[in-house]
Amino acid sequence: MNMPDLCIAKDRKKTNISFIENKEEYKPLFKGKKYFLRTYGCQMNVHDSEEIKYYLESLGYMAVDKLEEADIVVLNTCAIRENAKDKVYGYLGRCKHLKKIKKDLIICLCGCLMQEPHEVEELAKNHKYIDIIIGTHNLNELPELIIQKNKEQIINVYSNSDKVFENVKYNRDSKISAWINITYGCDKFCTYCIVPYTRGRERSRKKENIIEEVKRLKEEGYKEVTLLGQNVNAYGQDLNLGYDFATLLEEVAQTGISRIRFVTSHPWNFTDEMINVIAKYDNIMPYIHLPIQSGSDAILKKMNRRYTIAEYKKLFNKIKKKVPNVAITTDIIVGFPNETDEDFQATLDIVKYCKFDNAYTFIYSPRVGTVAAKMQDDISMATKQKRLKILNDLVNSYSLESNQKLLGKTVEVLVSEVSEKNKNKVCGYTDTMKLVNIDGKEDLIGQIVQVEITDAKSFSLDGIVKNKVSL
Ligand code: SAH
Ligand code: SF4
Ligand code: F3S
């Protein structure tokens, strides 16, 4: 899928000024102005939004959480399923309405949906009120575009990139947990998935830069880092520098930061060395997100997932055996083209076998440009919805079962914030990534505490503090 010329910024006047060095110069232009940023999609987008916040706040914009108050709206979009796209278009309606009243409002769209040529063409043709369209490969050009903005719609999307960004600045959402990109893009080309097209080739950051970032975050007081990649196991393969994900993970562990997480692990190239490192270090959390997608070998083959169910089971059992108390979660797609009752039954069977701590389940959504989108499909939406319901009931019963096992036990929780539902409670995650609501006040935030579990539901636990582990 190549980007047509339309999508590539042409004749754009470069300011020729390094934004980073001259940001003070621009502040008077945007002083007192407000931005509203909305993020769709996965952790990659959440982290990209922290970069966007850095650019906007460096220009002088202040964050607001009401759309109506904004001078600039930025929608960081996702393209993974049709409903992700629908949400963006739904919200765009509100932005368009606001612009009718507020003529100077700048509307900016970025993120994965902007890497799809047909979407950008549609926006350029029928949504002229959008001011700036920028892709995932050149977010660093956003401040320039805002500075240059005049009446014309600016479309500035690069079709692909082999660039690896280092020294990116972020205004992070949390002072406790930080996201760290270790790889960009994806080369796996699962036949249903749009990500290789929207995020480009798989490319790794250099190990020393990642370690340096972890050390800096630790010095700043961060308790947790999550290493991000569409497939973290592929880390380093494109560099040919003699190191891989196991090497990286071990060095991150040796920095001594309290908690290390990573997402996502593809079952295909999960090596014994990686499992050994995870098992060896206490600060590597015993939690692995290991998407299975389907329980049927025939469907896995059509998905180009590169493993069989027998291989998945072998890996699953090896991890369970070697990593004490490990929690394993997964992703499952139902209703892949021509998924038979037998295929679906095989998915239920593998869920019963693995008893996942949690599973994210989706109805297959065809994405333009992918291989699967061209496959004939004779399964009705009603059947797909019925299958999803059956699967969800099963998955939830195992989530509840795994949570109930913790009743009366004491677990370590990194407290991250005040509970959304109850202001007299705080919440955080166990080492195995289970959400716990705890009776307590804000002073616990940022601390790792021992918590006794008093109640267990499918999606969360309740607990009381026994004592603090670290300050
Ligand atoms: N890189 C990760 C997942 C990225 S997308 C991995 O390979 O595991 C997150 C999840 O969205 C996928 O695991 C898959 O279950 C789901 N997904 C991706 N494309 C989809 C599509 N076209 N329809 C439905 N679900 C999809
Ligand atoms: Fe998509 Fe597959 Fe890559 Fe995951 S590994 S991002 S599902 S192509
Ligand atoms: Fe969506 Fe892009 Fe992530 S498509 S799931 S935001 S990589």
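Mentor: Before we start, a definition: buried means under 20% relative accessible area, exposed means over 50%, and partly exposed is in between. Please also keep in mind that this is a predicted model.

Trainee: Understood. Where does Asn-304 lie?

Mentor: Asn-304 belongs to the loop between helix H10 (297–303) and H11.

Trainee: What is the phi of Asn-304?

Mentor: The phi of Asn-304 is near 60°, which is a positive value in a residue other than glycine. Most residues other than glycine have a negative phi.

Trainee: I also marked Asn-338. What is its phi, and where does the residue lie?

Mentor: Asn-338 is not a glycine, yet its phi is positive, about 65°. Its place is the loop between strand S13 (327–334) and H12. With a relative accessibility of 27%, Asn-338 counts as partly exposed.

Trainee: Moving to the peptide bonds, which residues does the cis bond join?

Mentor: The cis peptide bond joins Val-263 and Thr-264, with omega about 0°. Most peptide bonds are trans. Thr-264 sits in the loop between strand S11 (259–263) and H9.

Trainee: Since you mention H9, at what angle do H8 and H9 cross?

Mentor: The axes of helix H8 (residues 245–254) and H9 cross at roughly 15° and come within 8 Å. That angle is under 35 degrees, so H8 is roughly parallel to H9. The crossing of H8 and H9 is left-handed.

Trainee: Which residues of H8 and H9 meet?

Mentor: On the H8 side they are Phe-245, Ala-246, Leu-249 and Glu-250, and these meet Glu-273, Met-274, Val-277, Ile-278 and Lys-280 in H9. The residues of this contact of H8 with H9 comprise 6 nonpolar, no polar and 3 charged.

Trainee: How do H9 and H11 cross, left-handed or right-handed?

Mentor: First the geometry: the axes of helix H9 (residues 272–280) and helix H11 (residues 309–322) come within 10 Å and cross at roughly 25°. This makes H9 roughly parallel to H11. The crossing of H9 and H11 is right-handed.

Trainee: Which residues make that contact, and how do they divide?

Mentor: H9 contributes Asp-272, Ile-275, Asn-276 and Ala-279, while H11 contributes Leu-315, Lys-318, Ile-319 and Lys-322. By class, the contact of H9 with H11 has 4 nonpolar, 1 polar and 3 charged residues.

Trainee: What about H11 and H12: at what angle do their axes cross?

Mentor: The axes of H11 and H12 cross at roughly 15° and come within 12 Å. H11 is therefore roughly parallel to H12, and their crossing is right-handed. From H11 the contact uses Ile-309, Tyr-312, Lys-313, Phe-316 and Asn-317, and from H12 it uses Ile-350, Tyr-353 and Cys-354. Those residues of H11 and H12 divide into 6 nonpolar, 1 polar and 1 charged.

Trainee: H12 also holds Thr-347. Is that residue buried or exposed?

Mentor: Thr-347 has 1% relative accessibility, so it counts as buried. Beyond its neighbours within four places in sequence, Thr-347 is in contact with Ser-294, Gly-295, Ser-296, Ile-332 and Leu-391.

Trainee: And Leu-227: which strand does it lie in, and what does it touch?

Mentor: Leu-227 is part of strand S10 (residues 224–228). The relative accessible area of Leu-227 is 0%, so the residue is buried. Leaving out residues up to four places away in sequence, Leu-227 touches, among others, Ile-180, Ile-182, Phe-245, Leu-248, Leu-249 and Val-263. Phe-245 and Leu-249 also belong to the H8 side of the contact with H9, and Val-263 is one of the two residues joined by the cis bond.

Trainee: Finally, the ligands. Which residues are around ligand 2?

Mentor: Those around ligand 2 are Cys-186, Lys-188, Phe-189, Cys-190, Tyr-192, Cys-193, Val-195, Pro-196, Gln-230, His-266 and Arg-305. They divide into 7 nonpolar, 2 polar and 2 charged.

Trainee: And what surrounds ligand 3?

Mentor: Ligand 3 is surrounded by Cys-42, Asn-45, Cys-78, Ala-79, Ile-80, Cys-112, Arg-199 and Gln-230. This shell has 5 nonpolar, 2 polar and 1 charged.

Notes. Residues are numbered from 1 along each chain as its sequence is written. Chains are lettered from A and ligands numbered from 1 in the order in which they are written. This is a predicted model: local features need pLDDT of at least 70, side-chain atom pairs count only at pLDDT 80 or more; totals for chains, interfaces and linings use all residues. Side-chain values use heavy atoms; hydrogens and water are left out. Axes are lines fitted to C-alpha atoms, for helices over the stretch in contact, and angles run from 0 to 180 degrees between N-to-C directions. Helices (H or I, at least four residues) and strands (E, at least two) are DSSP runs, numbered from the N terminus. Angles under 35 degrees count as roughly parallel, over 145 as roughly antiparallel, 65 to 115 as roughly perpendicular and the rest as oblique. A crossing is left-handed if the near helix is turned anticlockwise from the far one by less than a right angle, and right-handed if clockwise. Contact means heavy atoms within 4.5 Å. Ala, Val, Leu, Ile, Met, Phe, Trp, Tyr, Cys and Pro count as nonpolar, Asp, Glu, Lys and Arg as charged, and the others, Gly among them, as polar. A residue is near a molecule or strand if one of its heavy atoms lies within 4 Å of it. Buried means under 20% relative accessible area, exposed over 50%, partly exposed in between (1.4 Å probe, protein chains only).
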